[in-house]
Amino acid sequence: MKKVVVDFVNSININNCDIDDAFALFFLLSHKDVEVIGITTTFGNSTEDKTYDATIEMARDLNINIPIIKGEIFSSEAANFIKNTVDKEKVELISLGATTNTMKALALGMDPNKLNSFIQMGGITSPLEFKGQIMDELNLFIDFLASNYVLEKINKPIIITSNNCIDRKYKVKDSKYKSKYMNYLDKHIKRWAREFELIYKEKDLVIRDALTALYLTNPEFFIKEKRKVKLSENMMKRYLEEGDDKELILTKLRDEINAMDYIVR
């Protein structure tokens with residue numbers, strides 16, 4: 001049983017924001033070999049207040065009884081929770097937003113060697129073009145000083161880049177699901193699908209963060225590549241450019257894997 005702390009930007013009920021953080025969490029909550037032992041909220045495509053409130057509302061609606069700790073720029077409560085949890089037991093830390101909470105946990109003395117793994121959604125290896133438009137990639141960029149610190153300190157960080165997720169889309173369906181989580185997601189998926197189509201002229205959704213959760217449960221679905229990259233100002237530019245500063249593990253989903261169908265099932 002893998003014990004997991006999820007650090008995310010949950011914007012499930014926030015207009016003009018995506019739903020993939022919740023998608024990732026629900027997949028992990030549904031998986032028989034995973035125990036989510038803590039949730040911390042951070043910022044990215046929405047603010048700390050909104051992502052925390054969205055998570056509390058979602059947990060209340062679905063009776064999710066897991067510690068939920070708000071990450072804030074001027075507070076270390078979420079970072080202390082991550083550090084104390086890692087001190088007690090081997091856990092997997094999944095980061096789906098700004099790296100601020102992880103940076104603070106490390107600065108407070110969290111031993112990176114005690115992490116089973118650190119899996120981050122973020123970064124790009126080339127411009128993130130979709131339907132002729134450039135998509136934003138915020139996670140490593142939005143607090144790039146924290147990202148530099150985290151990538152420097154953590155051993156063998158695993159990175160799921162947005163480039164390797166952009167062609168793995170989810171076709172919105174008009175049907176009832178067996179899963180209470182998918183049924184809860186349904187109206188939010190349809191809301192985001194309407195907004196997504198207005199922006200990108202595309203009906204099928206890109207659900208990036210869910211693939212990060214899938215790597216945790218099924219690493220055999222991915223091809224792993226070790227790559228040395230530059231840090232410093234490159235985090236501000238979002239690019240995982242080849243260099244000599246840090247060795248990362250970049251992953252690419254195997255072509256034959258129908259990831260979103262697997263996750264929904």
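R227 sits in strand β11, which spans residues 222-229. The model here is a predicted one. With a relative accessible area of 17%, R227 falls under the 20% mark and so counts as buried. Leaving aside residues up to four places away in sequence, R227 touches T125, L240, E242, K246, E247, L248 and L250. Its side chain also makes a polar contact of 3.4 Å with the side chain of E225. As for D245, 18 residues apart from R227 along the chain, the two C-alpha atoms are separated by 10 Å.

Next, the helices. Helix α1 (residues 20-30) packs with helix α6 (residues 180-200) at an angle of about 170 degrees, and their axes are 11 Å apart. That angle makes α1 roughly antiparallel to α6. On the α1 side, the contact is made by A22, F23, F26, L29 and S30, which meet Y181, M182, Y184, L185 and I189 in α6. Sorted by type, the residues of this contact come out as 9 nonpolar and 1 polar, with no charged ones.

Then there are the cysteines. The structure holds 0 disulfides. For C17, the closest cysteine sulfur belongs to C165 and is 19 Å away, so the gap is too far for a bond. Seen from C165, the closest cysteine sulfur is in turn the one in C17, again at 19 Å and too far for a bond. A disulfide would need the two sulfur atoms within 2.5 Å. Both cysteines are tucked away: C17 counts as buried at 6% relative accessibility, and C165 is buried with a relative accessible area of 1%.

Notes. Residues are numbered from 1 along each chain as its sequence is written. This is a predicted model: local features need pLDDT of at least 70, side-chain atom pairs count only at pLDDT 80 or more; totals for chains, interfaces and linings use all residues. Side-chain values use heavy atoms; hydrogens and water are left out. Buried means under 20% relative accessible area, exposed over 50%, partly exposed in between (1.4 Å probe, protein chains only). Axes are lines fitted to C-alpha atoms, for helices over the stretch in contact, and angles run from 0 to 180 degrees between N-to-C directions. Helices (H or I, at least four residues) and strands (E, at least two) are DSSP runs, numbered from the N terminus. Angles under 35 degrees count as roughly parallel, over 145 as roughly antiparallel, 65 to 115 as roughly perpendicular and the rest as oblique. Contact means heavy atoms within 4.5 Å. Ala, Val, Leu, Ile, Met, Phe, Trp, Tyr, Cys and Pro count as nonpolar, Asp, Glu, Lys and Arg as charged, and the others, Gly among them, as polar. A polar contact is a pair of N or O atoms within 3.5 Å; within protein, one must be able to donate a hydrogen and the other to accept it, and residues adjacent in sequence count only if both atoms are side-chain atoms.
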